[in-house]
Amino acid sequence: MAIISLVNRKGGVGKSTISINLASGLAIHESRKKNSKPVLLIDMDDQLSATITAMGGGFSEEFVPVITSDNNYPQALENGYGASESLIVDSLIPRKRDQKVKLFRTNKARMEGLEASLKMRDEADFQLTYFLEPIQEDYSYIIIDNPPSAGMLPMNSLVASSHVLIPIEPDGLSLIGLADILRMVENVRRTTNPDLEVLGIVPSRFRMVRRQSQDVIEELERIYGHLLLPYIKDLADISAATTAGYDVFSYCPEKSQAFRCVSNLVDAVLGKLGAV
Ligand SMILES: Nc1ncnc2c1ncn2[C@@H]1O[C@H](COP(=O)(O)OP(=O)(O)OP(=O)(O)O)[C@@H](O)[C@H]1O
Ligand SMILES: [Mg+2]
């Protein structure tokens, strides 16, 4: 069992895209096993992009009941209740498999107030940890998508996680942002969660033609070579799959660049976790 948080305080770097495709890839991997367990995808971002994509995408209406639920995950987290089975639903991804990634019923308005209400609780940083404790062994992997922030919500995720995955868009400022996140991880490790491991850094939305991107990749290799995971190229197919509410594995042909990039990443993650 691994709990993997995707974290970067910078917006638009591919956290949600990688979250849904990693969750799908891991679910596909699990579905080939005999005693498989489901994958749970947790959305800590009040934009709810991972939830909406996993429920059919913004052009479908299928996501509406899952993001307006009266019985919802942010409320349960705020009130310190144990996670209840009634909060968990099947998503639609991976589209081509019967065994779907699981999601919490959530509520957009409630998510918007979550950070403020967690701050009022004792042991504010531990609420997600306590919430997941009774259910985590029911899952093979728990993937946590985070908002573009370094605040209370990603902090809860990091305290609850065994691993952190850091997507970065390789541009001039991303190395500075990366150093900030690694400091945040180090701080969590020192104070609350000594077992937290950096699973890797994923250069995301990578454009080979850009000289600047290549320079950043070279620098990343030099400083963080041992942490660097296969990069995800910037490909129209990847954003089209997300818009359509599909995982890349179901939307793109097996031989496409998009399929290969994402499946290389999933394989590398499985390799690092010692799961293959
Ligand atoms: N590899 C890729 N190729 C092409 N487009 C991509 C890729 N990854 C992400 N995108 C697109 O870039 C936009 C931002 O991606 P995404 O939502 O995954 O980023 P994020 O880090 O989760 O953003 P936020 O911080 O706002 O939550 C989306 O429109 C998405 O479809
Ligand atoms: Mg996002």
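The following dialogue goes through several labels applied to this predicted model and the values behind them.

Student: What makes E169 count as buried?

Tutor: The cut-off for buried is 20 or more other C-beta atoms within 10 Å. E169 has 22 C-beta neighbours inside 10 Å, so E169 counts as buried.

Student: Where is E169 found, and which residues does E169 touch?

Tutor: E169 is in the loop between strand 6 (163-168) and helix 9 (174-191). Leaving aside residues up to four places away in sequence, E169 touches V13, S174, S204 and R205.

Student: Why is helix 8 described as largely enclosed by the rest of the structure?

Tutor: Helix 8 (residues 152-160) has nine residues and eight of them are buried, so helix 8 is largely enclosed. The buried residues are L153, P154, M155, N156, S157, L158, V159 and A160.

Student: Which elements do the buried residues of helix 8 pack against?

Tutor: They pack against strand 1 (2-6), helix 6 (114-119), helix 7 (127-132), strand 5 (141-145), strand 6 and helix 9.

Student: Why is helix 1 called roughly perpendicular to helix 13?

Tutor: Helix 1 and helix 13 (residues 257-272) pack at about 65 degrees, with their axes 10 Å apart. Angles of 65 to 115 degrees count as roughly perpendicular, so helix 1 is roughly perpendicular to helix 13. The crossing is right-handed.

Student: Which residues of helix 1 and helix 13 meet?

Tutor: From helix 1, N21, L22, G25, L26 and H29 meet V262, S263, L265, V266, V269 and L270 of helix 13. By class, this contact has seven nonpolar residues, four polar and no charged.

Student: Which residues come nearest to ligand 1, and which helices contribute to its shell?

Tutor: There are 19 residues around ligand 1, and G11, S16, T17, P148 and S239 come nearest. Helix 1 (15-31) and helix 11 (236-243) each supply at least two residues of the shell. The shell is made up of five nonpolar, 10 polar and four charged residues.

Methods. Residues are numbered from 1 along each chain as its sequence is written. Chains are lettered from A and ligands numbered from 1 in the order in which they are written. This is a predicted model: local features need pLDDT of at least 70, side-chain atom pairs count only at pLDDT 80 or more; totals for chains, interfaces and linings use all residues. A residue is near a molecule or strand if its C-beta atom, placed from the backbone, lies within 6 Å of it. Helices (H or I, at least four residues) and strands (E, at least two) are DSSP runs, numbered from the N terminus. Ala, Val, Leu, Ile, Met, Phe, Trp, Tyr, Cys and Pro count as nonpolar, Asp, Glu, Lys and Arg as charged, and the others, Gly among them, as polar. Axes are lines fitted to C-alpha atoms, for helices over the stretch in contact, and angles run from 0 to 180 degrees between N-to-C directions. Angles under 35 degrees count as roughly parallel, over 145 as roughly antiparallel, 65 to 115 as roughly perpendicular and the rest as oblique. A crossing is left-handed if the near helix is turned anticlockwise from the far one by less than a right angle, and right-handed if clockwise. Two residues are in contact if their C-beta atoms, placed from the backbone, lie within 7 Å. A residue is buried if 20 or more other C-beta atoms lie within 10 Å of its own, exposed if 12 or fewer, and partly exposed in between; C-beta atoms are placed from the backbone.
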